Amino acid sequence: MPYMDCLLHSRAGQVTLAEVDSELWCRCRAEKDRGVPGEQGGSQYNKSLSTKAPPAWTPLHSPLCSGHPPSDGLMSSEPPVLDMCATEAAESLLQSEETFSACLARINAIVLKPLLQSEPHEQKGKENLKLLLLLNDCFHTLWDLTEENHRTLKEKFSISPSLCLQDLYILWKGDLFLSVYIQYFVTFANCVVVQGFDQAAKNKSEFWKTHKTALKQFLADFTSETSIPVALHTVLHKPLRDHVQQYALILTRLSEAIGKSPDRELVTSAAKQYAKLQSFISQVLDEACLTKALWKSLGHKLTEWLCVPERRLLEDSKNLPVFASVGRTNRVLLFDDILVLIQGNNCQSFDLKLVWVDGSGSEKPAPENRHTIHIVTPEEAFFLSAKEPCMKAVWQWKLNQAVRQALNGKRDFPLWGEAREGSEPPVHRCFKYVFRAEGRFKNAAYEGEWYWGKPHGKGTLKWPDGRNHVGDFKEGLEHGFGISLVPLISEDRYDCYKCHWCEGKMRGYGICEYGNEMVYKGYFNDNLRQGFGILENPSAEQPFKYTGQWDNDKKNGYGVWDDKDRGERYIGIWQDDHRHGQGIVVTQSGVCYQRKFHVDKMVGSGILLLENDSVYEGNFTRDLTFVGKGKLTFSNGFTLEGTFSNKSGQGLQTQGILNTSSDQQDASITKVQLGLDEFPVEKRWQGIYDQFLGFLHSGCKEEMEESFTGFHIQTSKELRKSQEYLFCQRGPEDVSGKMEDVLEELVQHQELESLQCYLQKAFKSSLHPLGKLLKALTFAFQATYSGIGANKHLLNMAQEEVKYYAKKIWELYQGLLHLALEQKGQPLAETEDGEKSDLNAYRVILPLILPCFYPELFMLYMLYHEKEDDLYCQGIVDLSLFPDIKLLEVLDVQKHLWPLKDLTLTTNQRRSLVKDKCFLSATECLQKLITTVDPREKLEILQKTYEEIETTVSRVVERDYKLPMDDLLPLLMYVVSRARIQHLGAEIHLIRDLMDPTNEGGMYDFLLTALESCYEHIQKDMRLHQRETWHMARDP
């Protein structure tokens, strides 16, 4: 490495405060260590100065501006002229810093110290003293920096007569110099604005009278008539301002001197920064003087309201005429933080962070005035009108720049650039504001996102009375998902609404947790419960649950009410929160009745079905006491018809006719079905379908999906997850919940087999609209027919309802497909007629949705066919006692069809005693009937059973054998008896009621009829056996 490079390399980074000559250090600090306020902070600053970060404003990443020694390569290639120029600049800078430091010392001693020694008693004087103390701190920070620069340069010259660019603090620590000078002049301007120097001169007027001549050394044009405030003002800013000019001049000369050196751009950039600092200082002082003049010209009242040390006047309508459209505004003032409209002795102020400026002319107060600026604030909008376009342009530019700088939280550097500089303020903002105007938001504090003067996006509203709303806003109103808390006046509790909102009102699905512990899950419209919903009171006192239709915040229409105290369930019509119209009541004991209600009271006659299969038709009370005319049909077929009464202490009394001619009850009475005519299936749960249709008619907009089809969500946790899903990045799923994907997939899966696979996934997904619809229907079905509602007299209602679900879901699927094809511009599918639509509902939809309703539905079938199944089970028990050969003989199976070879014997076992060996494969196949819920699959199992029987017979006769009906029934009877299916009657009737209509008259129908015949034959034998036993017991 060359000698010069080694010397420069070793010198870089060597000079630290610890190595500065102690005598020189003591001499430089002597004057400052005499008790000047703020010196402690100054010495601490000196300790950290050498570790300051590299300047943020430096445009080049050069070693000269990194704060570290330059690399060997760079310095070795540095021409000697650069060193010479840097040395000359350093010499000029050293001389300038020495002179300036001495000047600062004199200012400190002659001006600052006396200013800080006053002890004001009035409030204004104390506030001024605080500002002067701050100014003193800034002054000493600046002085410390100057001394540090001076000491460093002097130390470096003591080591070597030649310096490099890195040795210039003002270059590679330029950001530090800029920030210190900016802070000083901003604080100085604050003192000017509040007339701090006037007040200080007044407080120590006697002192300045005697020391006035001491100020003369700082002022070239000082005379005896120069006022003390002006002198103080000049002394505390002009020397510092001149020194900044010296920095800029030194760097400019250096830039010119070094020619085409690679480091010229660095020096030029630094010079420009100091030039900008000069411009900044001039603008700061001009603004301060204008603001000070304003406070002097305004009335005392307005000054008290508006005067703040940091506030600056940017424009005044007296200077540049503009007129506001608000009231009797006679003056407009633009400050760096607020816009003020003065109306006589009063004023309106608007925080610039919440001011939007529109100068496009899209909205105008009058067509004749085109030079207008539209000002939008959270609670008021008005116009500023100018006479000339140039005036409008200036106001608009200044407003935009002031708003932008207020949003950034800092002023530009310099304060004002060229008209083309600076971007427009963003229209989307995020701030806090308290509403003051009359209205729903009065006194509410909103914190969140804004757009053109209105809450827009996510935010929080809080009222002083404890109300608050967190959620989405649109154009100033709650819109989208939101959570509201409303405190109860009389209790320390809240009503919590977690709901979808539209234009400031609850609309769509929501979960509301009331302060009285009740919970509502359902739909709203204009803040009222409307459509389908569930209201539940889980508390120990009067627990209930209502599932049904709402209108105008009241129970109206078809609904189900569970009274858990009484153990009753009401299924029927409501009006204004009262049972009103036809209704069915089912009790926990198994009793149920159908009556007409009027405002919660039963009217007219009805039908009462008792748990012992007795049936009463007539009038009765709510506690099930017979009154008036009626007919009672007993379970044994006897009837009692007449007038009933129940007097206290005398029990039930009647006058009528007892008919004992019948020895068995009519099945049409014992199995009477309720509600079919009174509650048409198409009018039940209309509120659920309406929501889905509303979503469909809206074009399936994704942001509205949860609002319309959100009923699959039943807990607050699920609701929160659902909302997070709406706004998060979605991952791959079997069935996408994104509406554009849903519609796209619908078009791709129109073939029957593909459609069934797609719908099966869709129904299982809580993200797919059809899956959400099915979940809501499942809730409604369970609310009606599970638990207390499991009553055989409701079977036909339930069965009819499930079929209708399939039909409606198919219609809604067709609506989705139509919309998907329409949006893709593809030909629309042909409209199906009613018969074809019903067929598709049975064939495609019913098998897929039946598992959701099967537990409750099959329970009703079991209850309905309970007696027949009991007889059948008794017959199966009797038949199971027979060995295989004996059973085949009893059932009249032809002997040549007996599979005797299947009777494998163990040691000492007789063939005639072997059981459960014949037709074993067919028996095992039929037992699978209970493993599936799909009627089609059950029929397939039945067919497979038939095929297994035929296969066994063909093996026995050693040829293909097609079973005729005469041979099939005995063999099927044998298989049924060995399969021992417990609720075969319920299974048969469920298959018959829900199977595909196209199977009627076919093979499946034939086999199902054969199975029914076997079932009825077993029952018939048991009835004959019971009757014989009964007659033998009666006639011994």
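A salt bridge is a side-chain nitrogen of Lys or Arg within 4 Å of a carboxyl oxygen of Asp or Glu. By this criterion, the whole structure contains 38 salt bridges. The model is predicted, so local features need pLDDT of at least 70 and side-chain atom pairs count only at pLDDT 80 or more, while totals for chains, interfaces and linings use all residues. Residues are numbered from 1 along each chain as its sequence is written, and side-chain values use heavy atoms, with hydrogens and water left out.

**View 1. Salt bridge between Asp-562 and Arg-569.** The closest N and O atoms of the pair are 2.6 Å apart. Asp-562 is buried at 13% relative accessibility, and Arg-569 is buried at 5% (buried: under 20% relative accessible area; exposed: over 50%; partly exposed: in between; 1.4 Å probe, protein chains only).

**View 2. Salt bridge between Lys-944 and Glu-948.** The N to O distance is 3.7 Å. Both residues belong to helix 28 (residues 935-957) and are 4 residues apart, about one turn of the helix. Helices (H or I, at least four residues) are DSSP runs, numbered from the N terminus. Lys-944 is partly exposed, with 41% relative accessibility.

**View 3. Salt bridge between Asp-1005 and Arg-992.** Here the closest N and O atoms lie 2.5 Å apart. The pair links distant parts of the chain, with Asp-1005 in helix 31 (residues 1003-1034) and Arg-992 in helix 30 (residues 984-994), 13 residues apart. Asp-1005 is buried at 15% relative accessible area, whereas Arg-992 is partly exposed at 25%.

**View 4. Network of Glu-147, Glu-148 and Arg-151.** Salt bridges with shared partners join these three residues into one network.

Methods:
Helices (H or I, at least four residues) and strands (E, at least two) are DSSP runs, numbered from the N terminus.
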